Amino acid sequence: MKRSQLLITAGAISILLFTPLVLTKTHAGPVYPTESAATRVLGQPDLTTNGNGDAANQFYFPLDVEVDPATGKVFVADGGNNRVLRFASIDDIADGADAEAVLGQSDFGLSAAATTASGMNEPSGLKIGPSGELWVAENGNNRVLRFDNAATVSSGASADAVLGQSDFTSSTSGDGAGEMNGPRDVAVDDDGNLFVTEIRNSRVLIFLNAASKADGADADQVLGQTDFDESSTGTDADSFKNPQGADLSENGTLYVADSGNNRIMIFSDVIASGNGLDADAVLGQEDFETGDEGLSAFEFDYPNKLCVKSDGTLLVADKDNRRILVFYDVAGQSGEVAANAVIGQEDFESEDRYSGATATSLPLGVCVDTDERIYVADFDRQRVAVFESESTQPDLTVGATSSERKGDDVYNSSGSGQRKSIRITRRKRVKFHCSVENDGSIDENFLISGKGSNSRFRVKHYLISGGKTNVTGAVRRGTHETSDIASAGMLRYRMEVKPKSRMKNRRGNFNTWLRGLSLIDSEQDKVRGRVKKR
């Protein structure tokens with residue numbers, strides 16, 4: 001077996017330091033905090049063991065992982081064992097569970113490479129297509145296999161089609177339209193168009209309506225080269241150097257891990273755009289002219305596979321930095337864009353090689369399931385680690401007393417259903433007792449903003465927890481940040497409203513409010529207080 005092909009690293013090049021562009025906090029959805037701990041594992045009995053093997057519950061250099069969105073079944077490209085393992089949904093199995101089926105071998109316990117319809121040689125990339133078919137990028141045989149009804153086929157099943165070769169017994173390499181040289185990953189859109197990254201041809205092949213193609217059919221388009229029959233490398237907007245991973249967003253935007261250039265290339269309109277298309281955006285470099293590796297929140301060191309979630313979150317297996325980088329809402333961003341979180345390391349400046357629930361020693365594959373869990377194929381820990389998503393949610397309440405407040409578990413940004421009215425007849429101070437509770441599943445702090453005074457009423461804002469502190473100025477400017485609030489924890493606030501002297505014998509109404517905003521994903525909640533002077 002060609003072990004040297006399993007790990008391809010970039011050469012030593014200089015590191016340039018740039019100021020990162022921080023993403024605007026507009027993300028709304030599940031989050032993945034830095035240094036998250038895995039909760040489940042496949043391939044090992046627990047999260048501290050890292051042995052290898054070819055049994056039904058073992059891996060030997062897992063290269064990729066994919067979850068069928070229809071059934072929840074988990075597919076793992078077990079590269080060193082020349083096979084793909086299929087597991088039941090993670091909800092139905094325990095840590096270290098046996099796979100329910102194997103492709104590429106006739107049974108568990110076997111690992112020899114083969115060039116047949118039922119054999120494999122270094123499967124390296126997986127993707128489930130819109131009809132439930134499994135596409136397998138097979139690096140060692142220079143081909144892509146298709147297995148129909150992948151969630152139910154039996155062990156040892158033969159592939160239904162092959163691309164890159166004219167038949168199931170050939171494995172020659174080439175750079176023609178119907179040839180491949182080191183296919184590393186596959187991606188497929190909702191229309192069944194297939195995208196294949198080729199590491200040794202430094203290109204991406206596009207097969208339109210791929211499931212309808214005959215064995216060995218030519219690709220329809222190519223990216224990274226101006227035409228077929230070319231395999232040069234470069235750092236331009238239309239070039240790649242050893243691309244590894246690819247995935248598509250829901251709107252059809254293609255993301256390519258241009259590994260040798262330590263960057264992610266983004267193409268917004270690929271289909272029917274011709275060969276050699278320029279990328280629209282780049283992540284990991286300041287422009288389309290550089291390819292340096294680095295260790296920071298906005299740099300990569302040989303990024304491998306990637307995954308784009310339905311909410312726009314981008315997950316990148318940053319292989320040689322030994323981590324998964326998490327970017328929220330990268331659409332429209334380009335250049336030195338800072339990741340929002342890192343999984344597998346304690347911070348953005350660490351690249352430690354260690355084991356355990358919070359570690360990713362050499363992550364090569366990454367995907368998500370419909371329950372927002374992240375699956376990481378950790379190459380030299382011989383496992384697939386599963387990380388749960390977390391949630392954020394400020395929950396504000398308001399009341400005339402500290403014991404009777406409205407708005408609990410009513411989440412919105414308008415204050416509808418979260419309003420307390422108080423009537424007064426004299427020029428006296430009105431107190432609205434508020435709370436800011438963390439209803440999310442992670443500890444976090446919130447940005448608090450509120451209404452200021454006007455010509456008839458004066459309002460002041462106080463933090464009551466830990467002693468009464470006047471925070472009016474910061475709240476009015478929207479710059480008051482709470483201390484860290486534990487999940488289910490709470491801070492108490494008070495809004496005090498008093499009519500000004502000119503309102504001594506006059507009627508009038510005043511609406512005040514308080515809003516809490518999550519600094520992680522911009523989830524927010526608002527309460528209102530209404531004063532009626534009669």
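**Charges and salt bridges in a predicted model**

Arg494 is a buried residue, with a relative accessible area of 13%. The side chain of Arg494 meets that of Glu496 in a salt bridge, at 3.0 Å from N to O. Glu496 is buried as well, with a relative accessible area of 6%. Both values fall in the buried class because the cut-off for that class is under 20% relative accessible area.

This pair is part of a predicted model, and the overall build of the chain comes next. The protein chain has 34 strands and one helix. Along its principal axes, the C-alpha trace spans about 95 × 45 × 40 Å. Of the 534 residues in the chain, 57% are buried. The accessible surface comes to about 19,600 Å², and carbon and sulfur atoms account for 42% of that surface.

Contacts can also be sorted by how far apart the two residues are in sequence.

The chain carries 57 positive and 78 negative charges. The mean position of the positive charges and that of the negative charges are 24 Å apart.

Some of these charged side chains are paired. The structure holds 24 salt bridges, including the one between Arg494 and Glu496. Another joins Arg83 to Asp78, with the closest N and O atoms 2.7 Å apart. Are these two partners buried or exposed? Arg83 is buried, with a relative accessible area of 0%, and Asp78 is buried with a value of 0% too.

A further salt bridge links Glu100 and Arg86, and here the closest N and O atoms are 2.7 Å apart.

Which residues form one here? Asp91, Asp369, Asp371 and Arg373 are linked in a network of salt bridges.

Note on methods. Residues numbered from 1 in each chain as written. Predicted model: local features only at pLDDT ≥ 70, side-chain atom pairs only at ≥ 80, totals over all residues. Heavy atoms only, no water. Helix = DSSP H or I, 4+ residues; strand = E, 2+ residues; numbered from the N terminus. Buried < 20%, exposed > 50% of the residue type's maximum accessible area, 1.4 Å probe, protein only. Areas by Shrake-Rupley, 256 points an atom, 1.4 Å probe, with all protein chains shown as cover. Lys, Arg positive; Asp, Glu negative; His and termini not counted. Charge placed at Lys NZ, Arg CZ, Asp CG, Glu CD. Salt bridge = Lys/Arg side-chain N within 4 Å of Asp/Glu carboxyl O.
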